[in-house]
Amino acid sequence: VRGADYVIRRAGFALLTIFIAITINFFLFRVLPGNAVSDLARVPHATPQLRHALTVEFGLNRPKWLQYLIYLRELAHGNMGISFAYQQPVSSLLLNDLKNTIPMVTIGTLGAIVVGVGTGILSAWRRGRPSDHVSTNLAIAFYAFPTQFLGLMLLILFGGLLPTSGMENPYAGVFGPESEIARLQDIGLHLILPALTLLLTLYGEFTLIMRSSMLETMGEDYVLTARAKGLSDRRIIARHVVRNALLPIATLIALSIGWIVGGAILIEFIFSWPGIGLALWQSINQRDYPMLQGGFLILAISVVLLNFLADLAYFKLDPRITQ
Amino acid sequence: MRVPKILAVPLAAVTLIALASCSQSSGTPNAEGGVLRIGTSYPIDSMNPFVAQSDYSYMTFEYIYPQLVQYNAALAIVPDFATSWSQSKNGLTWTFHTVPNAKWSDGKPLTAGDAAWTINESLKYDNGPTANSAGVLAHIARASAPNPTTLVIRYKVAVADVLEQMQQMSVLPPQVWAQYFTGNGAGIKTFQNVPPANGQPMVSGGPFELVKYAVNQDALFKRNPNWWGPKPHIDGFGLQFFSNDDAMIQALKDNQVDFIGEYTPPTAVAALKRAGFVVTTTPSLSMKTFIINTNPHKTTHRELLNPLVREAIEYATDRQQIIKTAWLGLAEPGSTIIAPSDGTWHDTNLQPVPFSLAKANELLDQAGYKMGSNGVRIADGHPMSYNVIFPPDERGTGDRTFEIMQTDLSKIGIQITQQNMDDSAAFNAISAPNSKYETFDMAMWDWVPPVDPDFMLSVLTCAQLGNNSDSGYCNPAYDKMYAEQSTLLNPAARRALIFKMQQYIYNARPYIILDYPDVIEAHSKKWTGFTISPVMGSINSLSIQTLLNVHQS
């Protein structure tokens, strides 16, 4: 019963958070200076008719509270609206962007988790030895590098060896035949640099937290007991230390996965990766409110949902929570 | 009775053909075929002409839809779908004779009737879904096609730049679009106008047809088999969109693209030349402006309304240093609101004022603004210290420009501070409150105007307050001249009036025109036959010359 209470409370909290995020998303961009019409109407041949037509078309001539109610009503019907800039349904535009983002960010993030947790374990295991120093300092360095700097360096270093922009060679398959396998290989090659940039940017955090958590766990009495029992180092680390040290990593992993749908704006910008991060960046510049509302709604839902799942995982991993 | 006056004769068609072949190397046949891969950091935003804003959307329309006329390399209007044209004596009726027996790519006849249909349907919805094209069709009463090769356009008032406007109007295929021009026209803007999912190309009436389009990624074109004009040498071309210049330049170096245009930064020129690429530059129509609020209703820092202050600021602007440092020499000093590359519309008598801090100090002394103890002059009891609104378009070269101006202005007792904000916020800050332009002091921005000066002249009219005005300038005398020039059918008379308007703004200084940046583009030596233009470079929305002529070396 206590467990069910816990789950219901967390679920209620998650729903409330999503509603607050929806509301903030709506008002946040509207209180910023500037508006969509001034951006779209500042072009050659713009006429007062164009400005007026856009204002009416976007519904921006209505009071903000009415716009908000209409937004909530449409959202309840699953309608995210029409993009101001593209004049296309937000849901289909964002779905396309998400399809591009998810493989790249998933590979980068999962790679960072695997590399980070692995190097964290090794560092803690080899504490004070040269390999620990090298691993820790590298992790700190990559953690500290600005993403755009790292991305640009990789772009310059690997330019010519690997594709540096876009998601695939656009010409293959149009001006000549291309098999599906060749296309997948091509996408895979295009994916290497952005995913690697993300991996290098993220893994340091996992290394440092995993190392610290491991060291804390290695000082526990039960580890000393295991040693006294004559268990091998490898067995102690694998069976007793790592499993307990993973607990604080769970939240970080859940949060990182939650951010996958948000894309990696800077990485997508550097490598011209047509994902949701790039779309949101362009939408902010264009004051494309429906795209921003839709994009941030998806982001909010995924982060809240993954946090909720992390809470549930904690509940499973650490029964002390409900005690 | 209206008496047609022949303005263009079939000789112009001969000129076009000669121009189309002038870039071919003499005596050697062109290498046929191949796909030209173009990189740009400015994506197509929509393939729908009633939604699109991007330069590259309009460049695409130029190549897939017929335009009645186009520009040649000398920026003169020459035939395209219309082979000749005439106007009535009073300028209210224009008659265009179009190419006979032309076809759309789907095999349907392409006639003057299609052009009339496009104009009339667009006019019907110009307060709503087609408002995007209302400027191009301004003052048209109605179009008709008495036969398949004759288009008659009737205007409500005489319009000076009819041909320039028609250059920007794409004839749309009624067999595709008619279904959306019904009822309230709600479908006109939401129609994506992209190749259908079945892999077929879009219906085209230009030399190429769009076969693939992925938003913010790429657009690919193949030769239109039913194109009625000279056959392009290439099999097709592609536009690949980059979100930043560094990636685009790297892609050129890595042989992922063959050509980059328009937004190639000056800092990349030397490296690209060293790497063996052909780098081409030409003065552009665009201009960088330092904007000073001249609105008489301005509520703060009203000393900026004093012409002596604005003159002093211009004397303290070291254009040569800006061009040398910020543009690495790839720009021309600015003077008037019509760039020298706009040919005879630019008044060459108006020269940039020379850089002179002594003269600037003298002017401010004359205005009675004494130097404060901290080196900043005092005007009406407050320091002459101003924020300069700075949108992202100006970053890079604009940052260097600002630093140079900031240093020089500090030497005459004026302090300026850079205020970064995005485009939308910048326009909001300039026009605040509620399009009254009462609070901003200064800004830096730019204009990339079309060839005909009408648009550039219009941005300083009162009618553009809250719309295209980024200065708040409003003067009924100037507006009167603007209205008059737009109706003058005699080019010499119109030119004289436009010179007068340039002089007017030159003296009033709502803008200090800093410089006219060059168009910079680069391409692989494997390709040749590019015709560079002061608008967008070789691949532009003014003509179809480059992609008809370009071929492998």
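1. A salt bridge here means a side-chain nitrogen of Lys or Arg within 4 Å of a carboxyl oxygen of Asp or Glu. In this predicted model, the side chains of Arg287(A) and Asp422(B) form one, with an N to O distance of 2.7 Å. The count between chain B and chain A is 1 salt bridge, so the pair Arg287(A) and Asp422(B) meets the 4 Å cut-off.

2. Chain B brings 63 residues to it and chain A brings 49. About 4,400 Å² is buried between the two chains, with carbon and sulfur atoms giving 53% of that area. Polar contacts link 13 residue pairs across chain B and chain A, counting pairs with both residues at pLDDT 80 or more.

3. On the chain B side, several elements supply at least two residues each, among them strand S2 (35-40), helix H7 (245-253) and helix H13 (423-431). Strand S11 of chain B has the largest share, 6 residues. By class, this side holds 25 nonpolar, 24 polar and 14 charged residues.

4. Now for the packing. The largest nonpolar core has 78 residues, and those touching the most other members include Leu36(B), Phe96(B) and Leu547(B). Helix H3 (residues 112-124) of chain B contributes the most to this core, with 6 residues. A second, separate core has 39 residues, including Leu193(A) and Phe277(B).

Notes:
Residues are numbered from 1 along each chain as its sequence is written. Chains are lettered from A and ligands numbered from 1 in the order in which they are written. This is a predicted model: local features need pLDDT of at least 70, side-chain atom pairs count only at pLDDT 80 or more; totals for chains, interfaces and linings use all residues. Side-chain values use heavy atoms; hydrogens and water are left out. A nonpolar core is a set of buried Ala, Val, Leu, Ile, Met, Phe, Trp, Tyr and Cys residues joined through side-chain atoms within 4.5 Å. Buried means under 20% relative accessible area, exposed over 50%, partly exposed in between (1.4 Å probe, protein chains only). Helices (H or I, at least four residues) and strands (E, at least two) are DSSP runs, numbered from the N terminus. Contact means heavy atoms within 4.5 Å. Buried area is the accessible area (1.4 Å probe) that two parts lose on being put together, summed over both. A polar contact is a pair of N or O atoms within 3.5 Å; within protein, one must be able to donate a hydrogen and the other to accept it, and residues adjacent in sequence count only if both atoms are side-chain atoms. Ala, Val, Leu, Ile, Met, Phe, Trp, Tyr, Cys and Pro count as nonpolar, Asp, Glu, Lys and Arg as charged, and the others, Gly among them, as polar.
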